[in-house]
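Q: Please take a close look at one strand and its pairing partners. I would like a connected account that I can follow on the model.

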Amino acid sequence: MRKITAVLIGAAACAAVLGANGLGRDMLTPFVAMAHAADGIDWQKIDDTLGRKAAVSDDVHRYGFPRTDLAVTLDGVSIKPALALGGWVAFKPGHGGAMVMGDLVLLETEINPVMAKMIADGLEITAVHNHLLRANPATFYMHVAGHGDPLKLATAIHAALGQSKTPLTVAAPASPPPAVDLDTAKLDQIIGVKGQANGGVYQFNVKRRDPITEEGMPLTPVGPMGVAIGINFQPTGGGKAAITGDFVLTADEVNPVILALRTHGIEVTALHSHMLDEQPRLFFMHFWANDDAVKLAEGLRAALDKTASTKS
């Protein structure tokens, strides 16, 4: 890890110097490639095995497995994949190979076939639960983890997902994603961080102030590793939005956040763990509402104020 860190720091320093001298992206490419090569992982093989390109943040490669095949509705709202159906796995170099963590979206009938294949191939199941209530069809969320050879991990994940109807090839988008018809500047101001549009959904990742580790490894960057507070707004017309996501909480924050959410008309739909060995011990609280977006943002901000979260 020290060698990886040294190369990454060196690459960043070179990038800063080159950027300061007005040199283009092409000049930076060798340094970026060198930084990624330092972990000894052939990421192209991982991409090929999983059938998609990763979103790369620092040393983490995150692969999305949205359930674009499902037509899920909840309280009359057609759920977009980016709102609550976005399965993913993230790889982080470490311990002589890689650690992988993920959250897979499954139908009830898919849980046991996927779990059996995961276990047979040496992966760990760390949680199975709901995020939503009253959704039709009902969706469940399987959290997985593993350590070792990254190509074997990727092969095992691909094979397990093959036991479900999760799309394993990435189809070209049929049309541009719909605009987010909300006052996003106002939402940014209230939540306290800058959001971003994704597939017609406006998303926030709010970091905690305390460092989070799993088996001694820092889970950074926190957004791609699934340990940032996630808040999603899907427009439902007339300035309203459906919201869901999860708060990442320590034990002493759980009930103050429940009270803050419920006081502001936001339903708490699940409370559970996602991991087994994280420090500090964390709990994940999922929520739902469909109402005026600004009003809901103010309720979410009240809940965030009960947590050790950051503002940008």
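A: Strand β9, residues 196-198, pairs with β10 in the antiparallel sense, over three bridges. Strands here are DSSP runs (E, at least two residues), and helices are DSSP runs too (H or I, at least four residues), both numbered from the N terminus. Two strands count as paired if DSSP finds at least two bridges between them. Strands of a sheet pair through backbone hydrogen bonds, either parallel or antiparallel.

This is a predicted model, in which local features need pLDDT of at least 70, side-chain atom pairs count only at pLDDT 80 or more, and totals for chains, interfaces and linings use all residues. Residues are numbered from 1 along each chain as its sequence is written, and side-chain values use heavy atoms, with hydrogens and water left out.

Back to the hairpin. Q196 stands opposite Q203 in β10. Two residues lie between the strands of this hairpin, and G199 takes a positive phi near 60° there.

Now β10 itself. Strand β10 covers residues 201-206, and five of its six residues are buried. Buried means under 20% relative accessible area, exposed means over 50%, and partly exposed is in between (1.4 Å probe, protein chains only).

Strand β10 has another partner. Five bridges join β10 to β13, residues 229-237, and the two run antiparallel.

Is I231 buried or exposed? I231 is buried, because its relative accessible area is 0%. Leaving out residues up to four places away in sequence, I231 touches I191, Y202, Q203, F204, T244, F287, L300 and L304. Contact means heavy atoms within 4.5 Å. G245 is 14 residues from I231 along the chain, yet their C-alpha atoms are separated by 4.7 Å.

A separate item is an open sheet of three strands, in the order β12-β11-β16, with antiparallel pairing. Its edge strands are β12 (217-218) and β16 (278-279), each pairing on one side only. Strand β11, residues 213-214, pairs with β12 over two bridges. Within that pairing, T213 stands opposite P218.

Finally, the whole chain. Its secondary structure comes to nine helices and 17 strands. Of its 312 residues, 46% are buried. Among contacts between residues at least 6 apart in sequence, 67% join residues at least 24 apart.
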